[in-house]
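Trainee: I have just opened this structure and would like to learn how its descriptions are reached. Could you walk me through it?
Mentor: Gladly; let us look together.

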Amino acid sequence: MHSPNEADRLGNLMRAAQEGDSDAYLLVLREITPLLRRAVHQHRNFLQSSDVEDLVQDILLSLHSVRATYDPARPFLPWLMAIARNRMADGARRHVRRAANEVSVAEYPETFSDEPTNNLGDGYRDPEALRQAIGSLPHGQRQAIEMLKLREMSLKEAASMTGMSVVALKVAVHRGMTALRKVLSVEA
Amino acid sequence: MDTDQLIQQLSRGPTPVGRLPAPWRRAAIWFAISVPYVAAVIWLHSMSFDVTQMLADRQFIVEQIATLLTAIAAVTAAFCSVVPGYDRRILLFPLPPLTIWLISIGEGCVRDWLRLGAQGLALRADWDCLPPAALIGIVPALAIVIMLRRGAPLYPRVSLALAALAVAALGNFGLRFFHVGDASIMVLVWHFGSVVVLALLAGWIGKRVLNWKKAELAAQP
């Protein structure tokens, strides 16, 4: 941790930076970066070093955007660390959100070596039968399946194109899928 | 981009930045903008008040002092909340005057109930008060949001809830001069209730109004 004199020096440099001294700003940013890196390592020791660097850059950007809030009459390090803690908390929230929505798989598991048992794509094995089954659906259900499942449009996009409501589309796609399952399982 | 490149970029010819004044000074600036506006809204609605009746009503005086102190404490705490490095306990600064305000109204409710029975707790709508009540917060609210956005969005929900508390408390301070004889239940539901609802709503949208993305965009030359 920096000594009081060192912290005062950083405060003075920051004051000069606020007044437009680019050398002082360069110096203060360079001096606080290892400090921030250490703080991030200490509080988020589970992060990869690239994530640590991203977080440090986030903190530097945030510091830059609110540099007008530094009051030279107040200590520099508590000001800096309050920004750092806040950005680390945001980073942790982002990390948790990402982890909750992502499943990272290094390699798809292969159960048997034979090709037919490793049908990794989601494609249906008899596309012609599927095409016919979709063709036999009522107009609304067919349209909903084509737009939402085959063309992968969003509900909003499909609703604006068809003039159907989002709820009606959801119902149509659900009924269409149920009908397809029935038809295709009978055929199989 | 690596960190050293980012540092080089950030430090390349930074223009001088206008240092933010201390929170109490910003609170004073906000009052200087808001108080004349609140007075003007009340004057435009040609409301008249009875000074003798006001001075004779002890509960009214306590309530008004607590309301004003709530506005002062809330706006100061809101401005402190956007400056990194302040102790977080400062966010609780408006709680004591707010509690006194609530206790004072509660005491009035009990007194009205003992004096008038169920009639003392009867609630009615006062639609005449609605236009000035809606108008009175506009300029103070705009001013405080603009001022808060110059700070760091450390606790956006709390900052905006405190801002709404300050705006609503100041508005109530002004409007209450014309409701000196009102039943306390009216003050509790319409005046205090609106303050709480506004603060909660503001807290709810806090992150949309104050966030780091907006702060970083605003800082770009």
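**Reading a two-chain model**

Mentor: Starting at the N terminus, the elements of chain A follow the order α-α-α-α-α-α-α-α. Please keep in mind that this is a predicted model.

Trainee: How many helices and strands does chain A have?

Mentor: Chain A has eight helices and zero strands. For chain B the secondary structure comes to ten helices and zero strands, in the pattern α-α-α-α-α-α-α-α-α-α along the sequence. The C-alpha trace of chain B spans about 75 × 35 × 25 Å along its principal axes.

Trainee: How do you know what confidence the predictor has in each chain?

Mentor: We look at pLDDT, which is the predictor's confidence in each residue on a scale from 0 to 100. Chain A has a mean pLDDT of 81, with 84% of its residues at 70 or more. In chain B the mean is 85, and 93% of the residues reach 70 or more. Within chain A, helix α7 (residues 155–162) has the lowest confidence, with a mean of 80, while α2(A) has the highest, at 90. For the complex, the predictor gives an ipTM of 0.80 and a pTM of 0.72.

Trainee: And why does a low value matter?

Mentor: Where pLDDT is low, the predicted coordinates should not be read in detail.

Trainee: Why are α4(B) and α5(B) called roughly antiparallel?

Mentor: Helix α4 (residues 58–81) and helix α5 (residues 95–116) of chain B pack at an angle of about 155 degrees, and their axes are 8 Å apart. Angles over 145 degrees count as roughly antiparallel, so that is the name for α4(B) and α5(B). The crossing of α4(B) past α5(B) is left-handed.

Trainee: Which residues meet there?

Mentor: From α4(B) they include B:Val62, B:Ala66 and B:Leu69, and from α5(B) they include B:Leu98, B:Trp101 and B:Ile105. The residues of this contact of α4(B) with α5(B) divide into nine nonpolar, five polar and two charged.

Trainee: How do you know whether B:Gly171 is buried or exposed?

Mentor: We count neighbours: 20 or more other C-beta atoms within 10 Å make a residue buried. B:Gly171 has 29, so B:Gly171 counts as buried. B:Gly171 lies in helix α8 of chain B and touches B:Val38, B:Ala133, B:Ile136 and B:Gly137, leaving out residues up to four places away in sequence. The C-alpha atoms of B:Gly171 and B:Gly137 are 6.1 Å apart, although 34 residues separate them along the chain.

Trainee: And where is B:Thr76 placed, and why is B:Thr76 called buried?

Mentor: B:Thr76 sits in helix α4 of chain B. With 23 other C-beta atoms within 10 Å, B:Thr76 reaches the cut-off of 20, so B:Thr76 is buried. Leaving out residues up to four places away in sequence, B:Thr76 touches B:Pro23, B:Trp24, B:Ala27 and B:Phe93.

Trainee: How many residues of each chain are buried, as a percentage?

Mentor: In chain A, 26% of the 188 residues count as buried; in chain B, 38% of the 221 residues do.

Technical notes:
Residues are numbered from 1 along each chain as its sequence is written. Chains are lettered from A and ligands numbered from 1 in the order in which they are written. This is a predicted model: local features need pLDDT of at least 70, side-chain atom pairs count only at pLDDT 80 or more; totals for chains, interfaces and linings use all residues. Helices (H or I, at least four residues) and strands (E, at least two) are DSSP runs, numbered from the N terminus. A residue is buried if 20 or more other C-beta atoms lie within 10 Å of its own, exposed if 12 or fewer, and partly exposed in between; C-beta atoms are placed from the backbone. Axes are lines fitted to C-alpha atoms, for helices over the stretch in contact, and angles run from 0 to 180 degrees between N-to-C directions. Angles under 35 degrees count as roughly parallel, over 145 as roughly antiparallel, 65 to 115 as roughly perpendicular and the rest as oblique. A crossing is left-handed if the near helix is turned anticlockwise from the far one by less than a right angle, and right-handed if clockwise. Two residues are in contact if their C-beta atoms, placed from the backbone, lie within 7 Å. Ala, Val, Leu, Ile, Met, Phe, Trp, Tyr, Cys and Pro count as nonpolar, Asp, Glu, Lys and Arg as charged, and the others, Gly among them, as polar.
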